[in-house]
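Hi,

I am passing a structure on to you, and I hope you enjoy looking through it. Please open it first, and then read my notes below.

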Amino acid sequence: MASLRIAMPLALIGSITSIAGAWIGLSLPTHIAQMALGATILAIAALMLRAKKSEFPEVPAQDRLSAALGLSGSFHDPAMARDYDWRAHRAPQGLVAFAGIGMLAGMFGLGAGWANVPALNLLMGIPLKLAVGTSGLVLSVVDSSAAWVYINQGAVLPILVAPAIVGVMLGAKIGASLLRVVRAATVRKVVIALLLVAGMRALLKGSGVWN
Amino acid sequence: MDPNDRLFDIELVYARWLDWGTRVGLAVLITSFLAYALELVAPHVPLEALARTWVLPVREYRAAVGAPSGWGWLDLAARGDYLNYFGIVFISLVTTICYLRIVPLLLRSERIYAFIAALEILVLMAAAAGIVGAPH
């Protein structure tokens, strides 16, 4: 439940800026990076809480770039047993957002799925489930480019990284399977809950309350 | 995925290659990590030294334990900790491999996307080569 058509342009911008972000992240004091991360995630959670109809956003008209890239189609939701037509809008703003997200992904040691989903869903009008699936695809590309900065710096500790990679990849496979059977409204609640927990945790770690 | 989209068949190819690439990468990573964690292969940085140094900024860490930068890890690839780099590096390369596979397919039907894929490959290869992101 992912679209290469949506992912490729956004991932290209994100992967370029993630390299710059990884450089900044390596030179930034950890507590400042953590607090900035926490504040950003909580702001995104607030945006998602306020948004209406985020499962299937209304897109009255496409912009020229979205139309040129063919950002429209239909996707099948097995949980509802029906097809949904979709079309994206605000592609230029989406590219700018993913430039920022790529920077954040690089800065905070990869993994900015929490920002991908709201940008695809709330900003570009992609249905929530398609946004969640496509977010994973964008992440795989963006994180690949930022990972090289850390690898080339010798900043990868296998004792920490190897189990993390295995866990994340197995989790992603389980999540992708669950996405097929869970209703979009439930996905929205899970996304918001995870954003709140991740945001609070990063903020508390950055401020030294949670060690 | 939309069966009516011209990219549909290409998406399937990409998904298949990504799936196999990640399976191979995971198998390599799990095997090398077990060899490292069970101390079947001696590490370059002993765990006691690692516990003392991993809080250091990256340059100080490298200096303290004699860790390599760039592709210098290949010289230490026979050590338990750096053995894991094979899996990590392979997983980092999977996206590039998938993009290389779909560029010829995209050239037949979606020129804009072929161009985007080619640019992405350049970015990923520049990052892998350390052209962008190499240590000062």
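Here is what was found, starting with how to read the model.

This is a predicted model, in which local features need pLDDT of at least 70 and side-chain atom pairs count only at pLDDT 80 or more, while totals for chains, interfaces and linings use all residues. Residues are numbered from 1 along each chain as its sequence is written, chains are lettered from A and ligands numbered from 1 in the order in which they are written, and side-chain values use heavy atoms, with hydrogens and water left out.

Let me begin with the interface. Chain A brings 44 residues to the contact and chain B brings 55 residues (contact means heavy atoms within 4.5 Å). Together the two chains bury about 4300 Å², with 69% of it on carbon and sulfur atoms; buried area is the accessible area (1.4 Å probe) that two parts lose on being put together, summed over both. Of the area that chain A buries against chain B, 18% comes from A:Met8, A:Trp148 and A:Asn152, more than from any other three residues.

Next come the salt bridges (a side-chain nitrogen of Lys or Arg within 4 Å of a carboxyl oxygen of Asp or Glu). Over all chains there are four, and two of them cross the interface of chain A and chain B.

In one, A:Arg5 pairs with B:Glu110, with the closest N and O atoms 2.7 Å apart. A:Arg5 sits in helix H1 of chain A and B:Glu110 in the loop between helices H4 (80-109) and H5 (111-129) of chain B, so the pair joins two chains. Helices (H or I, at least four residues) and strands (E, at least two) are DSSP runs, numbered from the N terminus. A:Arg5 is buried at 6% relative accessible area, and B:Glu110 is buried at 7%; buried means under 20%, exposed over 50%, and partly exposed in between (1.4 Å probe, protein chains only).

B:Asp19 and A:Lys173 also meet in a salt bridge (3.1 Å, N to O). Here B:Asp19 is partly exposed at 24%, as is A:Lys173 at 36%.

Within chain A, A:Asp77 forms a salt bridge with A:Lys129, at 2.8 Å between the closest N and O atoms. A:Asp77 lies in strand E1 and A:Lys129 in helix H6, so the pair ties together parts 52 residues apart in sequence. Both residues are buried.

Happy browsing!
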